[in-house]
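Dear colleague,

Please find below the structure that I am handing over to you. My findings follow it.

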Amino acid sequence: MSDLTAIYPPPAEFAAKANVSGMAAYQALYDKAKEHPEEFWGELAEKELHWFEKWNHVFEWNPPFVKWFVGGKTNLSYNCIDRHLNGPRKNKVAILWEGEPGDQRAITYQELHRLVSRFASCLKARGHKAGDRAIIYMPMVPEAAVAMLACARLGIVHSVVFGGFSSEALKARILDLEAQLVITADGGWRRGKEIRLKDAADEAMTGCPSVKDCVVLRRTGSTVPMQEGRDHWWHDLDATASEDCPAEPLDSEHPLYVLYTSGTTGKPKGILHTTAGYALQAAMTMKWVFDLKEEDTYWCTADIGWVTGHSYIVYGPLAAGATTLMYEGAPDFPNFGRFWRIIEKYKVNIFYTSPTAIRALLRQGDQWPNAHDLSSLRLLGSVGEPINPAAWEWYHRVIGKGRCPIVDTWWQTETGAILIAPMPGAVGAKPGSGTLPMPGILPEVVDFNGNPMGDDREGFLIIRRPWPSMLRTLWGDPERYKEAYWSRIPGIYFTGDAARRDKDGYFWILGRVDDVMNVSGHRLSTMEVESALVRHPAVAEAAVVGKPHEVTGQAVCAFVSLKKGDHDTAALGKELRQWVAHEIGAFARPEEIRFSEALPKTRSGKIMRRLLRDIVNNNTVSGDVTTLEDMNVLTRLAAQHDEG
Ligand code: WT7
């Protein structure tokens, strides 16, 4: 990646109609937010959100804790639904859905209001109320969004757990939240097979005394055991539901959801987002980054189990009054044309996906997209990992036909909304760069001591000021919150990413600087996989590193030393991969397991992951090895690869 890469300026035709058109317009927004943040955000909040009671002041910053729109009362479910019912959006499609088997639904804002009110009234009738916790473990069906919006309507703190997570991972989350309610389904469809969610939920719920109710949606129609008293079919509850269930006026800082993500230890972090600031920034970035227009059909291919699904399938698009498309299944089912077929069929205008998906589809050849009419597309987006120039170029040429700007959006579960990305009618693209910050965001590249680096120098990416959709804390662990984000450089938000800024002020994200891997745009901690491996009875020690992978960006590579005894390593390799899938989820399954009698350690016994990274990346070891206990270990590990 270099600054010599051509800039792709906003196409004139696009810029002419854009929500933010031209650099001067972007700069004016940016400057105003920087110089007068209270005025900037206060005006937007007043205009863009419904308030039951207005706030007293815009923000209150007691580092590292922030409050936005202090003293105000609002409700995100109201902002996503009710607010649109008195105007032309009443009968506009809110959620356009396609199931993997090909079933379809188009749910208008009015209909969404009915579904959410009915479901919320059922939860309310069963005694669930503001401040209680719910786990949502569902396939990509409209009811998943309905469940989220029903919780938000009542102020129930919800945590969506990605359907690909195992029962073990689900259980850990139920326990951490002490959730009273679990909302799930019999199963969902993935590559023509049923993912049996209720079975996993049953396994998880044993040993979770907090769970009083489990609501089960019938999706696949397969037989699932129902536990008397605890389990209820969604349709049974719905049969007697009331349609009158007004949104609760909630404090601006009322906890909205907790989303677990990997940190540097084995225990996932419960990222807490609150109500008003999150709502505002999710909605504004829809307009700024996706240039949302009233008539757009917008499709984000993420799963609602990740933050992208929260902010850019459900909350952001609905708060902005969009038509948001949701697809249940896999991109390669029944064949590699599925995404392009969906774009053609629903005349999708804005398409937002991950570099991993782009690379996987690129490899299948141009005949798949070329078999479909993609002329409805006007804007493309990328998220989750750096996009390599070859994938960018293909996305631009073959999918966007050279007409559509690409927005490369940098953000994190913690940031709640996109922080660095081009406004496509204003800021030109350089393939691989997230370009410029959003209004109100002050990112910088700094050294170990927090001193700004010059242009084009690599350093840590930090954010100087709190923003409305920032995480507020880690659920039940404010100390870890301080430690993880605010202590590396005291009082400054530490992203965990390395970056550089070029002479044009464009940001280039270079990847994580901590022990966090990025596999298919999903965050995974090395420690989490290591702890799963050492729970296996045959394993003595494990060290995990990410290795470069052509499609998924990184793949999990595990170095394992076994306890004494006779082992069939070929069989055990398979078993351990399966074990990790069971302990965490299939997406965490190591691609490679290398057995070794010992792992490289410092004299104080710390595993030297840096050396293992060298081995998987270059098959050589560079840098300082003077603290290494036994050099032979390294030689053997490197040699093993040559044999294999
Ligand atoms: C990490 C956050 C943002 C939602 C999905 C992932 C990496 C994210 C980009 C991008 C380069 C990116 C960073 C970040 N990342 N977007 N456009 N270019 N890297 O959310 O699981 O919280 O992961 O993903 O390393 O820190 P997440």
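**Findings: a sheet and a ligand site**

In strand β25, W508 is the bridge partner of R500. Strands here are DSSP runs (E, at least two residues) and helices likewise (H or I, at least four), numbered from the N terminus. This is a predicted model, in which local features need pLDDT of at least 70 and side-chain atom pairs count only at pLDDT 80 or more, while totals for chains, interfaces and linings use all residues. Residues are numbered from 1 along each chain as its sequence is written, and side-chain values use heavy atoms, with hydrogens and water left out.

Strand β24 (residues 493–501) runs antiparallel to β25 and is joined to it by 5 bridges; two strands pair if DSSP finds at least two bridges between them. Both belong to an open sheet of 4 strands, in the order β21-β22-β24-β25, with antiparallel pairing. Its edge strands, each pairing on one side only, are β21 (443–446) and β25.

As for polar contacts (N or O atoms within 3.5 Å), a polar side-chain atom of T413 is 2.6 Å from a ligand oxygen atom. A ligand nitrogen atom lies 2.8 Å from an N or O atom in the side chain of D408.

Yours sincerely

Technical notes
Polar contact = N/O pair within 3.5 Å; in protein donor to acceptor, adjacent residues only side chain to side chain.
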